[in-house]
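I opened my notebook to get to know a structure I had not looked at before.

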Amino acid sequence: METRDLQTFLAVAASGSITKAADMLGRSQPAVTRTIQDLEAELGFELLHRIGRRVQLSEEGVAFEEEARRLLMSFTELAARAKMIAAGRGRILQIVTTSAIGTGLIPTALAELKGAELPHETHLGQFLPSIVAQEVRSGRAEIGFSSLPLDTPGLDVLRLYSAPDVAAVREDDPLAELDVVPLSAFAGRRVATLLNPLRFQLHVAKALAARGIDTGPVIRTNTAYGALQIVRRTGVAAVIDPLTAYGVALPGVAIRPLDVTVLFYWGVVAAANRPLRPVAQALIDAVEAVAERSIAGFRKLDPALAGQLVTDPASGTNHGTGI
């Protein structure tokens, strides 16, 4: 399997057509077809279903597409690293993060670092927490910023933080006039929330259930930034993490504390026993400084506590594990 095989498969997956993929790649249609057939033979399963002149990913093809993207990204980054070394420009700074941290904190922290502190090239990838852990543990990323769980074998937890979740409402909503929004105000209201019921939303749902509060109809999305946009456009209310809330200022959206504390935990990880470069340490310090001055209720915690903060869904505690 070569990088060209992966590029060909991803082009077909993106376009839904052998012909269009061939045009994109500057190759003949028979050559693209042959590459896909050879790749399927090597993998031992069908990647595509042919439907007339179009193609559709098989169930196995959908799963392989994500892996192919990661593999191709790794190959591309390896080539970029080699060029950097050959040019005497040093190593690329590889950062991986979850959506909330990557959207709410890291852009501001990068802007505040002096240009001389950053290497010639910096890569920032946003992933689910489990992928953040994999990327750091494998050495493909130097540092990772993630919500819980953080106590993963092969990783050192360098920093650990918490802050309360908040309410997001449109500025013309009566709730925006309050200094603190009662959780009971969500009773019967249409709300925006997150798709994954076993992470962030689990703890919000538990807080509502503990007080006998039933919301109205629900709009679900996979990122807190998406929930903010829904609040802005539709006027629904949402409970979101404090990193996105305070880090992404959307016009027309008001952020207010809740009268119930549902904590959001996040932190910084690196591969175990692997020393950090000064530039990575400087970025960690910059992210912490941004969080400390911009997030209400921000607290620095002992990193040794990371393994104790993964809560049992049946325990009734108020520890949010993030998105």
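My entries below go from the whole chain to single residues.

**Ground rules.** I am working with a predicted model, where local features need pLDDT of at least 70, side-chain atom pairs count only at pLDDT 80 or more, and totals for chains, interfaces and linings use all residues. Residues are numbered from 1 along each chain as its sequence is written, and side-chain values use heavy atoms, with hydrogens and water left out.

**Whole chain.** I looked up the secondary structure and found 11 helices and 14 strands; these are DSSP runs numbered from the N terminus, helices being H or I of at least four residues and strands E of at least two. The C-alpha trace spans about 65 × 50 × 40 Å along its principal axes. Of the 323 residues, 49% are buried (under 20% relative accessible area with a 1.4 Å probe, protein chains only; exposed is over 50%, partly exposed in between). I also checked contacts, meaning heavy atoms within 4.5 Å. Among those between residues at least 6 apart in sequence, 77% join residues at least 24 apart.

**The annotated stretch.** UniProt, in an unreviewed entry, gives residues 1-58 as "domain: HTH lysR-type". I keep in mind that such annotations may be inferred rather than shown by experiment. In the model, residues 1-58 are 62% helix and 14% strand, with the end C-alpha atoms 19 Å apart.

**Cores.** Which residues have the most contacts inside the largest nonpolar core? They are L105, F145, F186, W266 and L283, in a core of 47 residues. Helix α11 gives the largest share of this core, nine residues. Another core lies apart from it, with 18 residues, including L48, L57, A68 and L72. A nonpolar core here is a set of buried Ala, Val, Leu, Ile, Met, Phe, Trp, Tyr and Cys residues joined through side-chain atoms within 4.5 Å. In soluble globular proteins, nonpolar side chains tend to be buried together. I then followed L105: leaving aside neighbours within four places in sequence, L105 is in contact with A100, L243, W266, V287, V290, A291 and I295.

I noted a cis peptide bond between L148 and P149, with omega about 5°. P149 sits in the loop between β5 (143-147) and β6 (155-164). N273 is not a glycine, but has a positive phi, near 60°. I found N273 in the loop between β12 (263-271) and α11 (278-294). Is N273 buried or exposed? N273 is exposed, at 75% relative accessible area.
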